[in-house]
Amino acid sequence: MLPFRLIDRIKFILERQLVKGAGFQLLVVGVFIGLISLVGGLLVVPQGGDFEEPASAIWWAFLRLTDPGYLGDDVGTWQRFVSTLLTISGYVVFMGTLVAILTRWLIAKMADLERGLTPVTLKNHVVVLGWTSQTLPLLSELLGSSGRMRRFLEKHDAQKLNLVVLSEDASAAQVHELRSEPGIGRRARQIILRSGLAIQPDALHRVACLDAAAVIVPSATHEAGSLVTSDVETVKALLSIAAQARHFKAPLPFVVAEIQDVRKLPVIERAYSGAVEVVAGDATISRLMVQNILHPGLSEIFNELLTAGDGNEIYIRGGESLAGMTLGELAAARPDVIVLGLLKYRDVGWDVQLLAPSDSRIDSSDRVVIMARDYSETEPDPKRTNLPQLARGQAIRVDRPADQQNHRVLVLGWNRRIPSLIAEFLSYGQRHFEVDLVSVVPRAEREQAIVQYVDNVERLTCQHIEADYMVEGELRRIGPARYDTVILLSSDRLASGEEADARAMVGYLQLEDILADSARRPQLIMELSDPDNRHLLDGHQSEMMISPMILSHVLAQVALRRELRIVLDELFTVGGAEIQFRDPTDYPLPASATFQVLEKTVAAEGELALGLFRGKPDERGQHLLLNPPREQYLDLQSGDRVVVLCLTQ
């Protein structure tokens, strides 16, 4: 064994002290200053004169080391020489090193503060666990929901909405993103960033989860094949919150959790015994896609009801101020809204009664489901004239028309949502779908993912095609014009949503070029991941669904009004209440009918008129006219369809 050199041992000891932080670094510098002062003082002691004792000489050396202004007071060549060396050493050690250590410590401390490592001291705030593609639209939804937010704050006795976001690495760049996001802007000061992961108990304490009025856990995207999925992180976060509550003997906060795999719902319920609403992200988007296939044009209704911006939304009002009224009386007293139905509380939860008869009486414990442009329209307005009451009896369940021919669906691309999409196709037992899946992902991997998710996949005709739809020749050989519906999916295997959407949009433009020479045009549905890309394809002829925006809206609104989740489940799943398009000739309508006349005519059939879907788009490229003014003449044209809410088997 080679012996250690003395210099190496000294350097090692110094290194171990310097890495301990600014305090130890200052201690090392102080030792060096002391040693230099000692050596400098001893060098001038033999001169005598003013240095009768070593202490005076050492003090003289320390003053020259720390302040170069003393340099002109020295007498004698040797004293001036030593003083000059001490002054130069002072510039290097005392000023240079000391300032460098303090500056680095200050910068590090400011960086730590910017990262948000200090626990927040808030109560009744809203916590968002994770910075994903859904975070910015989610925060925008929360800040933009003025009516719901006002009621939410009143319920929790809070003066102002405070949002706390837990990001893996909070930074000034994310603050800039917040300020640049439409719908946030200057209100970014209401948002507090904290660093950490949702699976870290310390990070959950940092955002004060136990004191929050609501905790939202959106799903993050993970690499394919990763053992740590977003659902695993969600379960771990819920377990950590529950463990903290047990440790501090505090009540569990209300949680809205998004999961990718709906089969994990029992695990979520077992992991968290508090109030929790689970939004199945993959299943929700899959339901909307299949509904859109069954009712072409339905994506415009999704984009209006389930995204922020102008247009109508679904609101839920408590029955306390409406007790004793019937639904017909309420609809007549609120001329700017459409009353969709009731929620009645049972022992096992809420009973959804959309399309309840107009003579149904509202109890104080009920919730009323309303569609309106703004929450203020659901409030009484004595200045408005009441509408005539409509008599709508018990809704008659409508049988879905059996599919006489196979509905052929071409899916371009692959993501984790495909198995739930296949399961949703199978849930419509009276319809038969033929699905061709085109992707560069190996066939065996896709088949395994579907079989693990779906039990009776053999009931569905599903063919796997290994090809890259970005290659025009391969896409032409597939023959997209032969299908009834073509779906372009945003891949979750790329580094970012921008890259995934770039592939989808290029594929769409290529698809349009191929279909331009075809006599038959299938229905086109395009899914995007980045909300910023929604305006890039101006004048597109496809139906567009932006998954993060839809899921962000659902998560935000369920956090503010938890009963909304079961209403959306009722509307967008097989069976029960469903939004459909009808031919105006199915109803005895006059040539020039107002929406009020249409509403009365549809009510006689036990259904609810929601609006009109124009055959030709308006100047903004939109077909949908939802909840128009009652006195507006509809001027029905060929190709127009009536949007109704009905009950299906």
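1. The largest cavity has a lining of 17 residues, among which A331, L390, R392, E599 and L608 lie nearest its centre. A cavity here is a set of points, on a 1 Å grid over the protein atoms alone, where a 1.4 Å probe fits but cannot get out, and lining residues have an atom within 4 Å of a point. The model is a predicted one, in which local features need pLDDT of at least 70 and side-chain atom pairs count only at pLDDT 80 or more, while totals for chains, interfaces and linings use all residues. Residues are numbered from 1 along each chain as its sequence is written, and side-chain values use heavy atoms, with hydrogens and water left out.

2. The space in this largest cavity comes to about 200 Å³, where a volume is the space filled by probe spheres set on the points, and grid points are joined across faces, edges and corners. The count of cavities of 30 Å³ or more is three.

3. At least two lining residues of the largest cavity come from each of α13 (327-333), β8 (338-346) and α20 (595-603), and α13 gives the most, with four. Helices (H or I, at least four residues) and strands (E, at least two) are DSSP runs, numbered from the N terminus. By class the lining has ten nonpolar, four polar and three charged residues, with Ala, Val, Leu, Ile, Met, Phe, Trp, Tyr, Cys and Pro counted as nonpolar, Asp, Glu, Lys and Arg as charged, and the others, Gly among them, as polar.

4. Strand β8 also belongs to a hairpin with β9, with two residues between them. The two strands run antiparallel and are joined by six bridges, pairing being assigned if DSSP finds at least two bridges between strands; V352 in β9 is the bridge partner of L343.

5. Both L343 and V352, together with W350, are touched by I566, leaving aside residues up to four places away in sequence; contact means heavy atoms within 4.5 Å. I566 lies in helix α19 (residues 564-571) and is buried, at a relative accessible area of 19%, buried meaning under 20%, exposed over 50% and partly exposed in between (1.4 Å probe, protein chains only).

6. Helix α14 (residues 418-427) is mostly covered, with eight of its ten residues buried, including I418, L421, F425 and the charged residue E424. The elements covering these buried residues include α11 (281-294), β12 (407-412), β13 (433-439), α15 (443-453) and β14 (461-466).

Definitions and conventions: On a 1 Å grid over the protein atoms alone, a cavity is a set of points where a 1.4 Å probe fits but cannot get out, and a pocket is an open set with protein on both sides within 12 Å along at least five of seven lines; lining residues have an atom within 4 Å of a point.
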